[in-house]
Amino acid sequence: MSVDFPQEIITAAIHTGDVFLQNFEGIYHPKFFIVTGITRNRLTVCSIFINSRIHPSLYNKPILLNAQVPLKKSDNTFLAHDSFANCSHTLIMEMSAIASGIANGTCKVIGRLNENDLATVRRTIVDTGLLSGEEESLFFWDIVR
């Protein structure tokens with residue numbers, strides 16, 4: 001189902017903590033993703049995937065394993081079951097691509113992450129040290145010192 005709003009209005013309505021569902025190249029099913037950071041000019045977002053379980057390959061990689069944030073279904077009504085926010089792998093996306101996907105129906109608005117979970121996810125992304133200093137300043141300018 002497509003949406004009949006100008007892209008500028010859709011873009012203005014996208015906020016940190018919003019959760020979307022979309023197909024991604026190389027992944028065999030649609031994935032939930034969370035907008036975790038937005039640049040000040042609102043052109044680019046930093047996002048992460050939500051996974052149903054922790055991939056077994058991460059159990060012998062402590063840095064990546066510690067970057068998996070549990071998300072409870074009881075706190076996030078859009079979830080079908082308890083899940084994990086994978087803070088070890090960020091996606092840099094153009095805001096216009098999300099807005100286009102919403103407009104043409106290929107990206108669906110699912111809900112909003114619980115505020116406490118969002119704060120934990122954002123802090124975990126920064127604390128992993130996997131982002132460059134420039135990326136931290138661009139997307140997490142409000143929490144990076």
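Helices (H or I, at least four residues) and strands (E, at least two) are DSSP runs, numbered from the N terminus. You're looking at a predicted model, where local features need pLDDT of at least 70 and side-chain atom pairs count only at pLDDT 80 or more, while totals for chains, interfaces and linings use all residues. Residues are numbered from 1 along each chain as its sequence is written, and side-chain values use heavy atoms, with hydrogens and water left out.

**Stop 1: a loop residue**

Select Arg42, which sits in the loop between S2 and S3. Check its phi: the value is near 60 degrees, which is positive in a residue other than glycine. Is Arg42 buried, partly exposed or exposed? For these words, buried means under 20% relative accessible area, exposed means over 50%, and partly exposed is in between (1.4 Å probe, protein chains only). Arg42 has a relative accessible area of 26%, so it is partly exposed.

**Stop 2: a glycine in a loop**

Go to Gly17, in the loop between helix H1 (7-12) and S1. With a relative accessible area of 0%, Gly17 is buried.

**Stop 3: the aromatic rings**

Show the side chains of Phe20, Phe24, Phe33 and Phe49, which ring pairs link into a cluster. Rings of Phe, Tyr and Trp (its six-membered ring) pair if their centres lie within 6.5 Å; planes under 30 degrees apart count as stacked, over 60 as edge-to-face and the rest as tilted. How many aromatic pairs does this rule give? The count comes to four. Take Phe24 with Phe33: the ring centres are 5.6 Å apart and the planes are at 85 degrees, so this pair is edge-to-face. Next, take Phe24 with Phe49: here the centres are 5.0 Å apart and the planes at 80 degrees, so this pair is edge-to-face. Phe24 lies in the loop between strand S1 (18-22) and S2, and Phe49 lies in strand S3, so the pair ties together parts that are 25 residues apart in sequence.

Colour these rings by accessibility if you can. Phe33 is buried, at 0% relative accessible area. Phe49 is buried, at 10%, and Phe24 counts as buried, at 15%.

**Stop 4: polar contacts**

A polar contact is a pair of N or O atoms within 3.5 Å; within protein, one must be able to donate a hydrogen and the other to accept it, and residues adjacent in sequence count only if both atoms are side-chain atoms. Select Asn86, found in strand S5. Its relative accessible area is 12%, so Asn86 is buried.

Now hop to Ser57, in the loop between S3 and helix H2 (62-65). At 34% relative accessibility, Ser57 counts as partly exposed. Its side chain and that of His55 are joined by a polar contact of 2.9 Å.

**Stop 5: helix H4**

Select residues 115-128, which make up helix H4. Asp117, Leu118, Val121, Arg122, Thr124, Ile125, Val126 and Thr128 are buried in H4. At the start of H4, find Asn114: one of its side-chain oxygens reaches to within 2.8 Å of the backbone nitrogen of Asn116. H4 is followed by Gly129, which has a positive phi, near 75 degrees.

**Stop 6: the largest pocket**

Finish by selecting His29, Lys31, Ile50, Asn51 and Ser52, which lie nearest the centre of the largest pocket, out of 23 lining residues. On a 1 Å grid over the protein atoms alone, a pocket is an open set of points where a 1.4 Å probe fits, with protein on both sides within 12 Å along at least five of seven lines; lining residues have an atom within 4 Å of a point. Now show strand S2 (31-38), strand S3 (44-51) and strand S5 (83-94): each supplies at least two residues of the lining of the largest pocket.

Conventions
Expected span 1.5 Å × (residues − 1).
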